[in-house]
Amino acid sequence: MTSRELMLSTLRGEPTPRVAWAPFLTYWWDYNTNPRAEAKGEAGFKASVGCDVLMRGHCDRPVRSEYRDLYAFRTIYGKTRIEEKIEGKYKYVRYVTPVGELMATYTFSPEGNTWFLTGHPVREEGDFDILRYIIQDQAVEADDGYLKEIRRLPEALFVPLVSPLGKTGFQSMIEFWVGTEELAYAMCDYPEEIEETLKVMYALSDASARISAQSEAEVFISWEDTSTTNISPRWYEDYILPEINNWCDILHAKGKLYMQHACGHLKALAPLIAQSKIDALESVSAPPTGNTNILALNEILPERIALIGGLEPTFIMGATDDDLLEKVREELDALRNRRFILANADSCPPMVDINRFGLVTREVYRYFGMTAPDIEIYQ
């Protein structure tokens, strides 16, 4: 059984010979400086240390600095132009339309080697008119990006993004277009603008979900970053869950599955997630990243919702080998008989030792009485 077959069987609730182990290497791979590992690409490196190759929302990365979102469609703008300019430590991204302009500002962090969004594009009520134009100016049509990846790496499970926004419309306003604090004020000051904007965002993601459902991909994801650190349960129920459930209806009608990336505080949202139509909850993490843990969620979520995660990012970085393997065994003991994929959750810190992934691989195979594949050791 290949990694792809193993993980698909897990998500569908079918019998499997073992639990899959599929680490999430975003951030870690960005900072990987081992030339032998980089030469293999991200998917090739995962395979070299015996991991199950799950590619969440992006293409394979031949080099650490390259990142390309993965879709089963492509987005085409009409009259909107996107212009980018870098001035010192600042980057400005302008959205130029016939009805006005929006601009996002990014600031470069040398310590993180990352551009951080420090100025949201939507800053006043009239900007929502421009945002709606930008969304409505996008057309989506089928694309073979997924097929190119799976033909090259047929044993990997590639999971494309279901929406061109990468997440639900409301979550995209929180994280990118408006910002958490500003959106809270806007919800009070001009809620009709939010409602109208969400309608056009829903229409765009509905169209992309319908195209996705017709593709060859079996599972889709959105980067919800679900957490009550920036949304309330009421917001989640009213503005996010309806869009997610609509995706699920569209995908399920064609035999496809939906995976929700939920990397933050989930305790207060668990009852709502339990009633949702999702097929998998990805990046379930204990404190300090989250505020509950995968074993507690197992008691709340129905068996039909697969759990992916369990190894908290800072724990996998700082634990001794014995403590790490004890945690692996604890979670396998509790979750081996349900739909469960072991993973670090959320993104992997750059400081995690390169040979830790192979260490967990050996323990997973040992636990199930199986012989581990050859595992490459890196200096």
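Across which strands does helix α10 lie? In this predicted model, local features need pLDDT of at least 70 and side-chain atom pairs count only at pLDDT 80 or more, whereas totals for chains, interfaces and linings use all residues. Residues are numbered from 1 along each chain as its sequence is written, and side-chain values use heavy atoms, with hydrogens and water left out.

Helix α10 (residues 233-252) lies across β10 and β11, at about 150 degrees to β11. Helices (H or I, at least four residues) and strands (E, at least two) are DSSP runs numbered from the N terminus; axes are lines fitted to C-alpha atoms, for helices over the stretch in contact, and angles run from 0 to 180 degrees between N-to-C directions. Helix α14 (residues 321-335) also packs on the sheet, where it touches β13 (306-311) and β14 (340-344) and makes about 160 degrees with the direction of β13; contact means heavy atoms within 4.5 Å.

The sheet itself is open and comprises six strands with parallel pairing, in the order β1-β14-β13-β12-β11-β10 (two strands pair if DSSP finds at least two bridges between them). Because β1 (20-21) and β10 (219-222) stand at the edges with a single partner strand each, one side of each has no neighbour in the sheet. Strands β11 (residues 257-261) and β12 (residues 280-284) run parallel and are joined by three bridges, with H261 opposite E282 in β12.

Helix α10 also packs with α7, at an angle of about 115 degrees and with the axes 7 Å apart. To this contact α7 gives G169, F170, Q171 and I174, and α10 gives W235, Y239, I240 and E243.

The largest pocket has a volume of about 2,100 Å³. On a 1 Å grid over the protein atoms alone, a pocket is an open set of points where a 1.4 Å probe fits, with protein on both sides within 12 Å along at least five of seven lines, and lining residues have an atom within 4 Å of a point. Grid points are joined across faces, edges and corners, and a volume is the space filled by probe spheres set on the points. Of the 45 lining residues, Y27, Y67, W115, K167 and E175 are the closest to the centre of the largest pocket. Elements giving two or more residues to this lining include β5 (90-97), β7 (114-119) and α7 (169-177).

The second largest pocket has a volume of about 370 Å³. Its 20 lining residues include T2, S3, C51, D52 and E155, the closest to its centre. The largest share of this lining, three residues, comes from α4.
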